[in-house]
Amino acid sequence: MNEKPADLVLIGGPVFTADAARSWTDAVAVRQGRIVALGAPAVRELIGRTTEVVDLAGTLTIPGFVDAHAHPVFGGLGRARCDLIAGEGEQAASAAAGAARTLARIAAYAAVHPGRPWIVGGGWAMDHFPGGTPRREDLDRVVPDRPVFLLNRDGHGAWVNSRALELAGVDRHTPDPPDGRIERDPDGTPTGTLHENAAELVSRLLPAVSPEEYAQALMEGQRHLHSLGVTGWQDALVGDYLSYPDALETYLAAAADGRLTARVVGALWWDRDAGVEQLDDLVRRRAMSTVGRFAATSVKIMQDGVCENFTAALLEPYRWPGGEGERRGHSYLDPGALGEAVRLLDTEGFQIHFHTIGDRAVREALDAIEGARGGTADPEPSRGRGHRGDNRHHLAHLQLVHPDDVPRLRRLRVAANMQALWAVRDEQMAELTIPFLGEERSRRQYAFGALREAGVTMVAGSDWPVSSANPLWGIHGAVNRLIPGDHESEPFLPEQRLALADALSAYTAGGAWINHLDHLTGTIAVGKYADLTVLDRDLFEEPAHEIADARVDLTFVEGVLVHERTCR
C-alpha cells in the first residue's frame, strides 16, 4: 500500500454523488475528514488494519442533507415547552379530533407544570379550528388560572387566553398594531387569536429564556436534525422575534467549544422598524460571527405573511366571505424601503434570504434585486466591504409566483428555496388556502416544476418547526405532491412534480451551494468533506410513494459519526 490507509470506508452499496452529472459510484474512502477515493477498486486499496469498514449491504449513501431554511433553536426550545406539533402519522386527523387533541395536550402540560407562571409553547394547526382562529374560551377551560401564549405552527400568529389578554391590557379598545391584526368578535372584543405583530402585545410579557435553556434547545435541535441525516443548515432567523430571543451568542458559544457539529449559516434578522440605520450593526455582527462551523453571512427579510390569515402580499385581492373592502395582504417593507435595503445589503456583500409567500411579495423582492443591480441581471463589482457578485440571494416559500416572474428568477440568478412538504392538498390547503385564493389562482401554487423547467436554481428547506424537519418527507412531497402516507388522494398539481434526482440534489448540493459551501460539501467528490448520510434503502429502486418510509441509518460529519439508528 503506497498511501496511508483510510480512516473510514463505506462499501457495498450505491452512492449518489449529487454532482452536476448526477453520477454514481459504489464506495467511499475517508481520511482525516476528507473523501480521498471513490469506487470499489480504489477504495479497497486504502483499507488497512485501523480502517473502519461499513458494509452498506445495498443501502444508499448520499451527501449529507443541508436544510436551506430551518429554525432549529426554535424547534429545540419547542420540544421543552408545550409542544403541540403533530407527530408522524397524525397529519390525517379531522379538524374536530385535532382541536380536541391539542386542548388535551395543553391541559396535560399545565397539569405536569403547576409552578410555571405562564404556559408557553406552540405548534397548533390553523385547519383544526373554524376559520383558522381558535378562541380564548377554549384555553380558559383547560388553563383557567394562568396566562397562556401559544404560537401556531407557522409562527405567524398566537393563541392566548383571557388571562393573557388581561395582563397585556388588550381589549376591544386596543387598536391593531402596524403589520398585525387582533381577531375580534363583532363588538370588537378580542377572540384570542393574534395575527403577526399583534402577538407582540402579549409576547413582551413572557418570562425570559435563559442562556442555558437556549443552549439546550440548540443541542436538541441539532440532535434531531442529525437523526434525519442533516449535516448543515441555514438558520432562517437569527435575531429577536416574538417570544424568541436572539440566538447568535448561543451559536457562537457552541461553535467555539465544538458542540456545534453541523455546518450552519445564520440569516441575521432585518428589523423592518429600524430602517437602513441597522446596516452597520449587521456588518459588525457578521464580522464577529465566523467561528468554527458557524458564519452569519446572510440577512433575513420577511416581506409578507401567510395566505391563511390574509397577510401574504397578493397582486389581486383575496376571496373572503363576509368581509368589507379589498384585502391584498401586507408588504412589510414598502417597495421603496425594500429597494434601498436590498441595494445596501447587496453592496455590502450580504446574501439576502427573503420570506415571500404571495405573488406581490415575490415581485417586490425581484424588483428590489434588479434595482440593486442597476436594472441588469449581472451584478457589478463590490463597492463596499463585502463580496458582492456572488451573494446567492434566495426567495423562500414561493407559494405563488406570477408566470411573468418565473423566468426572472433565473435571469437575476435568484434561487428558489422550496418547502416541498407544503405542496400538498392537506386540510389547511382545502379548508383555508384554496377558498381564500380561489380555484384559478390556486392552480399556480408551489410551481416547482415550472421553476425547474425555467432553469432556476432549486434549493430546499423544511422550515422546521413549522413543518417536519425530515428531508425524506420533503422529497416525498416534491416527487409525489402528496402527504406522506396518503395513497388515496389525487396529487396536488402533479404537473409541478420534481424528479427524484432533482429533489434529492436540491436538499443536498443545493443547500450547500446556497450556504457558499459547495466547494467543501454537498456532493460526494474526492477532496470534499465526508459529510455523508446512509439511508436504509435505495430510493431509486423503491416505488415513489414509499420515499417517506425510508429511514436514516448513519450520519457523518467530516467522517465522524453523529447519528446511528438504534434498530438497524
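This is a predicted model: local features need pLDDT of at least 70, side-chain atom pairs count only at pLDDT 80 or more; totals for chains, interfaces and linings use all residues.
Student: Is strand β1 largely enclosed or largely open, and how many of its residues are buried?
Tutor: Strand β1 covers residues 8-16. It has nine residues, and it is largely enclosed by the rest of the structure because most of those count as buried. The number buried is seven.

Student: Which residue in β4 is the bridge partner of V9?
Tutor: β1 and strand β4 (residues 52-55) run parallel. Four bridges join them. In β4, V9 finds its bridge partner in V53.

Student: How do β1 and β2 run, parallel or antiparallel?
Tutor: Strand β2 spans residues 24-31. F16 has W24 in β2 as its bridge partner. Six bridges join β1 to β2, and the two strands run antiparallel.

Student: What is the bridge partner of L151 in β10?
Tutor: Strand β9 (residues 148-152) and strand β10 (residues 157-160) run antiparallel. Three bridges join them. In β10, the partner of L151 is A158.

Student: Which residue in the turn between β21 and β22 has a positive phi?
Tutor: Strands β21 (residues 552-557) and β22 (residues 560-564) run antiparallel, joined by four bridges. F556 pairs with L561 in β22. The two strands form a hairpin with two residues between them. The turn residue with a positive phi, about 50°, is E558.

Student: How many salt bridges does a search of the whole structure find?
Tutor: Side chains of opposite charge can pair when their charged atoms come close. Searching the whole structure gives a total of 32.

Student: In the salt bridge of R146 and D145, which residue counts as buried?
Tutor: The two side chains meet at 3.6 Å, N to O. Buried means under 20% relative accessible area. D145 is at 53%, so it counts as exposed. At 10%, the buried one is R146.

Student: How many residues apart are R285 and D246?
Tutor: R285 and D246 form a salt bridge, with the closest N and O atoms 2.9 Å apart. The pair links distant parts of the chain. R285 lies in helix α9 (residues 279-287), and D246 lies in the loop between β13 and α8. The separation is 39 residues.

Student: Which helix holds both R343 and E340?
Tutor: R343 is partly exposed at 32% relative accessibility, and E340 is partly exposed at 31%. They sit three residues apart, about one turn of the helix. The helix is α10 (residues 335-347).

Student: Which helix holds E200 of the negative surface patch?
Tutor: The patch is formed by E200, D240, D271 and D273. E200 has a relative accessible area of 38%, so it counts as partly exposed. Its helix, residues 200-203, is α6.

Conventions:
Residues are numbered from 1 along each chain as its sequence is written. Side-chain values use heavy atoms; hydrogens and water are left out. Patches are made of residues with over 30% relative accessible area and no salt bridge: like charges are joined within 9 Å, nonpolar side chains (Val, Leu, Ile, Met, Phe, Trp, Tyr) within 5 Å. Accessible areas come from the Shrake-Rupley method with a 1.4 Å probe; for residues, only the protein chains shown count as cover. A salt bridge is a side-chain nitrogen of Lys or Arg within 4 Å of a carboxyl oxygen of Asp or Glu. Lys and Arg count as positive and Asp and Glu as negative; His and the chain ends are not counted. The place of a charge is taken as NZ of Lys, CZ of Arg, CG of Asp or CD of Glu. Buried means under 20% relative accessible area, exposed over 50%, partly exposed in between (1.4 Å probe, protein chains only). Two strands pair if DSSP finds at least two bridges between them.
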